[in-house]
Amino acid sequence: MRIDLVPIGEVPASVKREASTALRSVYDVSVSVAQDQDLPTGSYDSGRDQYRAEAFIDLAADVSNGEKAVGLTTEDLYYRRRNYVFGLAYLDGRSCVVSTYRLQTSSDGGFSERPASAVFSDRVRKEVVHEIGHTLGLEHCDNNRCAMNFSPTVREVDRKEEHLCGSCQRRLF
């Protein structure tokens, strides 16, 4: 299977690299990086100072030639009534989006003495694995170490691993 990474807005090369590494490692897929895309027209909500996540999913799907697509952005995203999202995917959908905006906080929830850049890289990998997992049919997992565990805060993101638990692996492979 081929997954396209679709940078939306200005996305650092390091984020693209981490996303690619995680997808190849966990899902054993080929990954390509699409051309950078402008922010989706009409997706900005000035009252919230955020972007609608659904528009980024649609854009990633529109420009991708892969079987799946991951939109990557540094912008702050929201979905419906949620204050923010790290990412969004539709179950069994073709594309998803991951935002690094709120993954960049310097706090790692107190789990390590590692540099903020290393913690940020881990978070990017975990969220990319999580969102593409939804497009492959995986729902949220009760195992708080599994990449598919629902993680509404960076503290929960930091607690989980970038890999799938045995139950989620069996559902896919």
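This is a predicted model: local features need pLDDT of at least 70, side-chain atom pairs count only at pLDDT 80 or more; totals for chains, interfaces and linings use all residues.
Biologist: Why is the pair K16 and D36 called a salt bridge?

Modeller: The closest N and O atoms of K16 and D36 are 3.5 Å apart. The cut-off is within 4 Å, so the pair qualifies. K16 sits in helix α1 and D36 in the loop between β2 and β3, 20 residues apart.

Biologist: Why does K16 count as buried?

Modeller: Its relative accessibility is 16%, and buried means under 20%, so K16 falls in that class.

Biologist: What makes D76 and R102 a salt bridge?

Modeller: Their closest N and O atoms are 2.9 Å apart, which is within the 4 Å limit. D76 lies in the loop between β5 and β6 and R102 in the loop between β8 and α3, so the bridge ties together parts 26 residues apart in sequence.

Biologist: Is D76 buried or exposed?

Modeller: D76 has 8% relative accessibility, under the 20% cut-off, so D76 is buried. R102, at 31%, is partly exposed.

Biologist: What ties helix α3 to the loop between α4 and α5?

Modeller: A salt bridge between R125 and E162 (2.7 Å, N to O). R125 is in α3 and E162 in that loop, so parts 37 residues apart in sequence are tied together.

Biologist: Which element gives the most to the lining of the largest pocket?

Modeller: Helix α3, with 4 residues. The pocket has a volume of about 340 Å³, and the lining has 9 nonpolar, 6 polar and 4 charged residues.

Technical notes: Residues are numbered from 1 along each chain as its sequence is written. Side-chain values use heavy atoms; hydrogens and water are left out. On a 1 Å grid over the protein atoms alone, a cavity is a set of points where a 1.4 Å probe fits but cannot get out, and a pocket is an open set with protein on both sides within 12 Å along at least five of seven lines; lining residues have an atom within 4 Å of a point. Grid points are joined across faces, edges and corners, and a volume is the space filled by probe spheres set on the points. Helices (H or I, at least four residues) and strands (E, at least two) are DSSP runs, numbered from the N terminus. Ala, Val, Leu, Ile, Met, Phe, Trp, Tyr, Cys and Pro count as nonpolar, Asp, Glu, Lys and Arg as charged, and the others, Gly among them, as polar. A salt bridge is a side-chain nitrogen of Lys or Arg within 4 Å of a carboxyl oxygen of Asp or Glu. Buried means under 20% relative accessible area, exposed over 50%, partly exposed in between (1.4 Å probe, protein chains only).
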